[in-house]
Amino acid sequence: MPEHRTGTREEWQAARDALLAEEKELTRRNDELARKRRQLPWVPVGEDYRFETATGTKSLADLFAGRSQLLIYHFMFGPDYEAGCPVCSSIADNVDATLPPPRARDVTMICSSRASLDKLQGYETRMGWSFNWVSTVGPDFHRDLGFLSTEDELQPFLAGEIPPVVEQNARACGTDVARYVAEGPGLSAYIRADGAVYRTYVTTARGLEPAMGYYGLLDRTPMGRNEEGEQVFWLRRHDEYESAPSTAGT
């Protein structure tokens, strides 16, 4: 049990009230940032991107599936991977669970990876997902958004000390570190208007946390994310947690 200060109910309430004021300030700030996000200029997508889907080769415009807005999660599953990235898999769990509300607001949500369609479909069956998952035809789509790097570009990183979590996830994907980190996670947003497709938003790294709902919940527990100092990263595919080492009592 970690050491922590204790107090009376009245002391807790006073501290909670002070914290609530800060939380409300953050909520208002997030609302303002969301408004500014929507005000970003739209960039016309002129490239003829192509994707392999369960119903044939499609264009970016086809992926909207009749809706006016499109969100694409760029899932780390490279051509040489044997399985999808565990972290991306945890995000995909959240994507799959939240499909109906965005669809009701005229938004189609899908995932895109560079692995072959048959690999993606096999992994999707294992995970039990139902979202549309497409395979890019060629590297340009992920590359143009900054989610695919060359080995030359990665050389400074590869020449240094590789973080244990990177080696762990590369092994979990059945590939080496260089091929694992060549892929990058991301989220991109699009809109169809006046017969054209526009890119409206792109994010990566901690910008993906809204799609990682478990972190927001863990942030409200007494121990929080409790990741500091861990040598073995705790995120797993949802069918692997029983075999993961327990951190109880640490």
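**Ground rules.** I number residues from 1 along each chain as its sequence is written, and side-chain values use heavy atoms, with hydrogens and water left out. Because the model is predicted, local features need pLDDT of at least 70 and side-chain atom pairs count only at pLDDT 80 or more, while totals for chains, interfaces and linings use all residues.

**Entry 1, largest pocket.** A pocket here is an open set of points on a 1 Å grid over the protein atoms alone, where a 1.4 Å probe fits, with protein on both sides within 12 Å along at least five of seven lines; lining residues have an atom within 4 Å of a point. I see 46 lining residues, with L26, N30, P210, A211 and R220 nearest the centre. Helix α1 gives the largest share, 13 residues (helices are DSSP runs of H or I, at least four residues; strands are runs of E, at least two). By class, I get 23 nonpolar, 14 polar and nine charged (nonpolar: Ala, Val, Leu, Ile, Met, Phe, Trp, Tyr, Cys, Pro; charged: Asp, Glu, Lys, Arg; polar: the others, Gly among them).

I placed A193 in strand β7, residues 186–193. Beyond neighbours within four places in sequence, A193 contacts W42 and Y198 (heavy atoms within 4.5 Å).
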